[in-house]
Amino acid sequence: MAEIYRINPPSLIDSSQFGYSQIVTVQPNAQLIYIAGQLGEKPSGKQGSNFETQVDWSFENLSIALQEANSSIEKIVKITILVVNHNEDRLRYISKSRREFFGEHKPTSTLIPVPRLAADWMEFEIDAIALQA
């Protein structure tokens, strides 16, 4: 099983308070899984009606995708978050959600404010790179 090393060196800010690590390394030849952007939508087509619901459902969908790919939250090494109408309130909610979701297993993370996602109702999207279990 490939080892994952999460590093927050003292020469960089300690990003763990926001729910992510500055650096993550994995052993060579690790089996990587690339998970497409997960949205705040249920399989039935029901869409999250507000930003917080979309964040919550997106993280739930990411967890489901990991299970389907024979992986887990602990195996995520990198996430990318896209946010429409990004502001400090949304950042606080994302940081809280990220801390709760990842616990001690903090991946690297990039947050990108965007003017629009694929459909008008979408306000949040998260994709991931993980190791196969």
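Tutor: Helices (H or I, at least four residues) and strands (E, at least two) are runs assigned by DSSP and numbered from the N terminus. The structure is a predicted model, in which local features need pLDDT of at least 70 and side-chain atom pairs count only at pLDDT 80 or more, whereas totals for chains, interfaces and linings use all residues. Residues are numbered from 1 along each chain as its sequence is written, and side-chain values use heavy atoms, with hydrogens and water left out.

Student: Which pattern does the protein chain follow along the sequence?

Tutor: The order is β-β-β-α-β-α-β-β. The protein chain has two helices and six strands.

Student: What makes the radius of gyration of the protein chain agree with that of a compact globule?

Tutor: The radius of gyration is taken over C-alpha atoms, and the globule rule is 2.2 Å times the number of residues to the power 0.38. For 133 residues a compact globule would have a radius near 14 Å, and the protein chain has 15 Å, so the two agree. The C-alpha trace spans about 40 × 35 × 20 Å along its principal axes.

Student: Why is Asp 120 called exposed?

Tutor: A residue is buried under 20% relative accessible area, exposed over 50%, and partly exposed in between (1.4 Å probe, protein chains only). Asp 120 has a relative accessible area of 68%, and therefore counts as exposed. Between the C-alpha atoms of Asp 120 and Val 84 there are 9.9 Å in space, although 36 residues separate them in sequence.

Student: How many of the residues of the protein chain count as buried?

Tutor: Of the 133 residues, 41% are buried.

Student: What makes Thr 108 buried?

Tutor: Its relative accessible area is 15%, so Thr 108 is buried. Thr 108 belongs to strand S5, residues 108-114. Contact means heavy atoms within 4.5 Å. Leaving aside neighbours within four places in sequence, Thr 108 is in contact with residues including Tyr 20, Val 24, Val 77 and Ile 79.

Student: Why is Ser 109 called buried?

Tutor: Ser 109 has a relative accessible area of 16%, and is therefore buried. Ser 109 is found in strand S5. Not counting residues up to four places away in sequence, Ser 109 touches Tyr 20, Ser 21, Lys 78, Ile 79, Ile 81 and Arg 98. Ser 109 and Ser 15 are 94 residues apart in sequence, and their C-alpha atoms are 9.6 Å apart.

Student: Where is Glu 74 found, and why is Glu 74 called partly exposed?

Tutor: Glu 74 is in the loop between H1 and S4. Its relative accessible area of 37% falls in the middle class, so Glu 74 is partly exposed. Leaving aside neighbours within four places in sequence, Glu 74 is in contact with Ile 4, Arg 6 and His 105.

Student: What is the phi of Asn 29, and what makes Asn 29 exposed?

Tutor: The phi of Asn 29 is positive, about 65°, although Asn 29 is not a glycine. Asn 29 lies in the loop between strand S2 (23-26) and S3. At 80% relative accessibility, Asn 29 therefore counts as exposed.

Student: Why is Asn 70 called partly exposed?

Tutor: The relative accessible area of Asn 70 is 47%, so Asn 70 is partly exposed. Asn 70 is found in the loop between H1 and S4, and has a positive phi of about 60° although it is not a glycine.

Student: Which residues of the largest nonpolar core touch the most other members?

Tutor: A nonpolar core is a set of buried Ala, Val, Leu, Ile, Met, Phe, Trp, Tyr and Cys residues joined through side-chain atoms within 4.5 Å. Of the 20 residues in the largest such core, Leu 62, Ile 76 and Phe 124 touch the most other members. Strand S3 (32-39), helix H1 (51-68), strand S4 (76-84), helix H2 (88-102) and strand S6 (124-131) each supply at least two residues of this core. Helix H1 gives the most, with five residues. Apart from this core lies another, of five residues, among them Val 84, Val 114, Leu 117 and Met 122. In soluble globular proteins, nonpolar side chains tend to be buried together.
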